[in-house]
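Dear colleague,

Please find the structure below, handed over for your review. My findings follow it.

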Amino acid sequence: MPSYEQLSALLDPASTVLITVECQQGVVGPGAALPQLAREARDSGALANVARLVAAAHAGGVQVLHAVAERRPDGRGANRNARLFRAAERLPVQQLTGTAATCLAPPIEVAEQDLVIRRLHGLSPVQGTEADALLRNLGCRTLVVTGVSANVAIPNTVFDAVNRGYTVVVPSDAIAGVPADYTPAMIRHTLALVATVATTDEVLSCLRRTARPGPAVRPV
């Protein structure tokens, strides 16, 4: 784990962005399309830790970006070139644009200045979306990656960010995947090679150093 000084140097509020990946009702909410993943995100405390990090980012002046995966009712523009995509088409809960499934899941609160990126295709909120341009315009140098899943979207996000020159911080207890023992193994053997891995509490200790009254929140 990094020292407090090392982590603090990375988490300068002026150049840090926190991203939540697919923390939406249809993925991690009570009526999610993948109940096992949703249950793991909640039971492990990962979703609660994401909410804690978002609240601290709001209070500390750190930009928050929410990445949401969705699809049109007619499926236009969506991938069908992998088993994952074809299986998603048959799930009882669809991540349809404009529905509750694509709203951020409690206990995460969304502030007025948060940015939301909605994608209709692919596995990553960075590749093929406006994320990179937004991050550069925001002066981002460090991206804090949270959310689901450790199986697919999280490693994609980390690799895509690193490939574009960002430094990535992964709060190890603010991401989740299935089965439960896969997440720590993937972090140790994969993400730790390219990102700075810390705990939620360690990240919070750095973000709170510049805490100030938080902004208003709204449902998204």
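Q24 touches G29, A67, V68, A69, Q95, A101, T102, C103, L104 and A105, leaving aside residues up to four places away in sequence (contact means heavy atoms within 4.5 Å). Q24 sits in the loop between strand 1 (16-21) and helix 2 (25-28); helices (H or I, at least four residues) and strands (E, at least two) are DSSP runs, numbered from the N terminus. With a relative accessibility of 0%, Q24 counts as buried (under 20% relative accessible area; exposed is over 50% and partly exposed in between, with a 1.4 Å probe and protein chains only).

This is a predicted model, in which local features need pLDDT of at least 70 and side-chain atom pairs count only at pLDDT 80 or more, while totals for chains, interfaces and linings use all residues. Residues are numbered from 1 along each chain as its sequence is written, and side-chain values use heavy atoms, with hydrogens and water left out.

The structure holds zero disulfides (pairs of cysteine sulfur atoms within 2.5 Å). For C103, the closest cysteine sulfur, in C23, is 14 Å from its own, too far for a bond. C103 is partly exposed, at 27% relative accessible area. The sulfur of C206 is likewise too far for a bond, being 16 Å from the closest cysteine sulfur, in C140; C206 is buried, at 1%.

In helix 8 (residues 182-189), the residues T183, M186 and I187 are buried. Viewed down the axis, the buried residues of helix 8 fall within an arc of 100°, so they line one face (the arc is that of the directions from the helix axis to the C-beta atoms). Their cover includes helix 7 (153-163), strand 7 (175-176) and strand 8 (196-198). The face of helix 8 turned away from this buried side carries the exposed residues R188 and H189.

Yours sincerely
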